[in-house]
Amino acid sequence: MSNFCLCVTILVSACSVVQSAVIPDGVLHMECRERYFMVTVDLSFTGEELRFEAVGENNVYPITEQYGAQHGYTVQVLPLKGLVELRASYVSLHTENKDDKMFMFRFNLFVVRDDEAVTYAMNETCFPSLPWSPREVTCEANYMEVNIRSDVTCSSGTSKDDWNALKTAHSSTTSDWQVMFQQGETKHLPMTLSEASMQGYTFYLTDGRLVFRTPYGQPHSLYSEVNGVPVEVVQVTIYSRQSWVVLMVDLVAACSMDVGLSDGIHMVWETPDMLYPTFSIVKVAVGLDGDLLDQLTAEEHGYMVLKHDSVFQISVPFDADGRHRKSFVNDSLFEFYIFHLYFEQILLDEDQVETRFRLHRTMATVVQCPIFTENRTVLAEMAFTIYLGEVPEDVVLVAVHLNGESYGLPFATQSSHSITKVTYANNTQGYTLKVPFAHPMVEEKMIKEEAVLQLLLHIKFTLIILPENTTYFHQAAFTALAPHLSSLDINASCLDSGISFTLALHPSNHPWQLAVCSTVLTTELAAQHGYIMSNNRPAAAAGCAALHDRLHVQREKVIAEMFSQTSKNATLKGFSGTFAISVQHPDSSEVHSCFTKTCQFSRSEYILCSTNSWVTVTIDLLTVINTGVDPARTHLLDKNCRPKETEGTRVQFSFSLNRCGTTVKVDGDTMTYENEIFFTELVSTSVSKRLMVRCSYPVERHPDPSSSMTFQADTTGIGTIVRKDREDHPTGPSAAHEGRRPLHINLNPIQRFLNHIRGQYLQGFQLRVTSSP
């Protein structure tokens with residue numbers, strides 16, 4: 001609290017030299033309010049030594065703390081506004097009153113400047129528009145005041161004629177006016193007005209009102225709690241015996257002494273509704289800094305006016321207009337709040353006579369600033385999104401530290417990180433910081449047990465408090481888990497030559513593995529099986545498996561698995577191929593996600609050699625002979641093996657290598673199965689052609705051809721279609737001889753992918769048709 005200690009000395013005696021001067025513009029503000037006159041002066045102008053003086057008819061009267069409380073003046077320093085304020089009651093002692101309608105004030109402001117005392121005159125005339133109520137009670141910051149009008153009928157039976165007599169008696173030097181104070185059931189001995197004045201009490205008459213004023217804490221005050229709320233009550237009777245008539249006026253001032261309490265959102269002040277038990281409350285208004293709002297309007301502005309167990313609770317929101325606040329640092333960031341509460345009740349007594357009750361209270365509290373950070377990261381955005389909220393209005397963000405690296409605001413235009421600011425209706429501010437996962441200051445940590453990559457970002461926000469430029473740091477740490485591959489940007493497309501995948505993986509030490517049928521994909525495996533991989537910047541498809549440069553194939557593990565239809569699904573129109581990439585844990589090989597792409601491949605001629613002895617071949621007979629041929633009459637070496645499907649000059653055979661007269665021979669490390677397609681020419685020519693169909697398999701992966709075991713290969717075969725000239729029309733492949741330009745159907749990398757297919761499935765991935773010399 002020492003941060004807000006403002007030392008202002010209210011001078012009691014003047015310096016040796018006094019000068020009259022004109023106060024500069026902009027440092028003084030004077031305003032006539034409904035029940036008081038207000039003066040505020042800028043402390044930067046007055047300095048710490050100042051004094052207000054009330055100017056009377058023949059003298060000036062320094063407004064000290066005691067003098068002001070007794071005669072209707074209140075001086076307060078407003079440190080958060082940098083002002084000193086003087087409030088003077090319309091019925092203060094030295095105010096010139098004309099029929100309770102015009103009030104003329106004259107004051108001096110006395111300051112010391114350059115060791116010289118300077119006096120500034122301040123004069124103002126006020127004409128309050130609010131009519132006076134018959135009875136008005138004011139609980140000021142430093143005194144209680146009651147003033148009643150002449151036509152109020154008192155409980156003692158005082159009438160207007162009695163009032164006129166009272167006024168005459170009061171002005172008479174021979175009057176014997178007495179006052180008697182009562183504390184609860186205790187009645188004190190009467191005292192004269194002079195004696196009462198010497199004890200700090202004030203009684204006097206205006207043209208139409210009797211005024212009683214007392215400072216707080218007087219010996220005759222009654223302190224008590226009413227429904228749990230501290231209350232100070234002063235009850236006095238003023239009376240005079242004139243001839244055979246006794247004039248008596250009862251005056252009661254009762255004020256709640258509650259200082260207010262914070263509930264974290266509001267400043268709550270309480271007052272009993274039974275301060276005046278015989279009165280009923282007909283209207284409530286509340287506000288700050290002398291501005292009143294009716295109850296409905298106040299509640300629309302966030303106030304709460306509630307009644308619990310005969311206690312009024314006035315809750316003022318921390319962001320209410322007119323509240324004053326200041327941020328300060330004491331290890332943590334705190335906020336100092338000051339509320340100058342202004343409260344009014346309109347009361348009616350049993351005779352329906354109105355009493356206007358008004359109260360001024362200054363409430364103060366210190367709360368810890370609710371500044372906070374919130375992780376609003378969305379993994380799909382591949383960036384940290386951090387929100388810094390509830391930043392007070394006098395606090396400014398000037399820098400951000402990312403894992404120890406400082407970045408001043410505003411950020412450089414080319415920065416990959418960014419920040420945006422929003423100001424809210426309650427005058428707080430919010431900042432949204434975005435830092436990409438790929439930012440060089442983001443730390444990465446692989447957690448193999450959970451198969452995730454943890455991204456770490458420690459942020460230190462540097463804020464300064466204005467205008468002192470006091471520094472405060474707000475720190476927070478955030479983590480994010482690298483998303484599964486299924487949430488990354490993976491695109492697949494069908495090409496004439498195969499299926500292309502583009503994967504954007506981040507970061508380089510991504511914990512997942514990729515493999516083909518339990519075989520980890522490496523550059524060697526890719527070369528062996530015809531996968532074409534590349535690292536592109538930016539990401540782009542290239543061949544069969546184009547990878548974004550954030551995936552380093554040499555360090556990452558790839559699992560590729562082929563799924564396809566059996567050869568029965570291969571038709572004259574072509575065949576379909578499906579390529580799958582699945583994601584596995586590097587240790588357990590547990591599959592976490594899988595990505596597949598199916599493409600339809602169309603070729604006029606092709607041959608598929610499966611692992612389960614089945615061969616499918618499609619050929620256009622027009623490439624063999626152009627004089628005409630009947631496709632339905634074509635057959636293999638076994639004349640019973642006829643085409644599965646024909647269309648025009650195209651035929652498709654699908655047969656087992658163990659049937660249809662297929663022959664086998666071993667040549668080095670290759671085992672080749674061979675059959676021939678026979679056809680009948682419609683027009684005989686001197687030169688005829690032969691169509692040879694061959695499937696070759698690696699010897700080390702194929703059973704002995706003499707074995708009786710059922711054909712079953714671990715890898716798919718390499719199929720070829722060979723065209724030969726026929727000179728003597730042999731009946732078998734032994735008579736075949738090579739032509740000059742045989743056509744090879746090379747299913748690279750389809751046939752290479754098929755090397756990894758188990759069982760009866762085959763997979764088409766890329767079809768490449770080449771014509772060899």
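The torsion about the S-S bond joining C32 and C126 is about -75 degrees, so this disulfide is left-handed. It belongs to a predicted model, in which a search of the whole structure finds four disulfides and 26 salt bridges.

**Disulfide C32–C126**
- The sulfur atoms of C32 and C126 lie 2.0 Å apart.
- C32 belongs to strand β3 (residues 28–32) and C126 to strand β11 (residues 116–126), so the link ties together parts that are 94 residues apart in sequence.
- C32 has a relative accessibility of 34% and therefore counts as partly exposed, whereas C126, at 0%, counts as buried.

**Disulfide C139–C255**
- C139 and C255 are joined with their sulfur atoms 1.8 Å apart.
- This link is left-handed, with -90 degrees about the S-S bond.
- Because C139 lies in strand β12 (residues 135–139) and C255 in strand β21 (residues 245–256), the pair connects parts that are 116 residues apart in sequence.
- C139 is buried at a relative accessible area of 0%, and C255 is buried with a value of 0%.

**Disulfide C641–C660**
- A disulfide with an S to S distance of 2.0 Å joins C641 to C660.
- Its S-S torsion is about -90 degrees, so the disulfide of C641 and C660 is left-handed.
- C641 is placed in the loop between β50 and β51 (645–647) and C660 in the loop between β52 and β53 (663–667), so the pair ties together parts that are 19 residues apart in sequence.
- C641 is buried, with a relative accessible area of 8%, and C660 counts as buried at 5% relative accessibility.

**Salt bridges**
- Side chains of opposite charge can pair when their charged atoms come close.
- R33 and E31 form a salt bridge in which the closest N and O atoms are 2.8 Å apart.
- R33 counts as buried at 14% relative accessibility, while E31 is partly exposed at 27%.
- A salt bridge also joins the side chains of R51 and E53, with an N to O distance of 2.5 Å, and both R51 and E53 are buried.
- In the salt bridge of E674 with R694, the closest N and O atoms are 2.5 Å apart.
- E674 is part of strand β54 (residues 670–677) and R694 of strand β55 (residues 688–698), so this pair ties together parts that are 20 residues apart in sequence.
- E674 and R694 are both buried.
- A network of salt bridges links E34, R35, E136, E344, E354, R356 and R358.

**Strand β50 and its partners**
- Six of the seven residues of strand β50 (residues 614–620) are buried, so the strand is largely enclosed by the rest of the structure.
- Strand β49 (residues 606–609) runs antiparallel to β50 and is joined to it by four bridges.
- The hairpin of β49 and β50 has four residues between the strands, and S613 there takes a positive phi near 80 degrees.
- Strand β52 (residues 650–656) is also antiparallel to β50, with seven bridges joining the two.
- T618 of β50 is the bridge partner of Y606, and T618 stands opposite Q652 in β52.

Definitions and conventions:
Residues numbered from 1 in each chain as written. Predicted model: local features only at pLDDT ≥ 70, side-chain atom pairs only at ≥ 80, totals over all residues. Heavy atoms only, no water. Buried < 20%, exposed > 50% of the residue type's maximum accessible area, 1.4 Å probe, protein only. Pairing = 2+ DSSP bridges. Salt bridge = Lys/Arg side-chain N within 4 Å of Asp/Glu carboxyl O. Disulfide = S-S within 2.5 Å.
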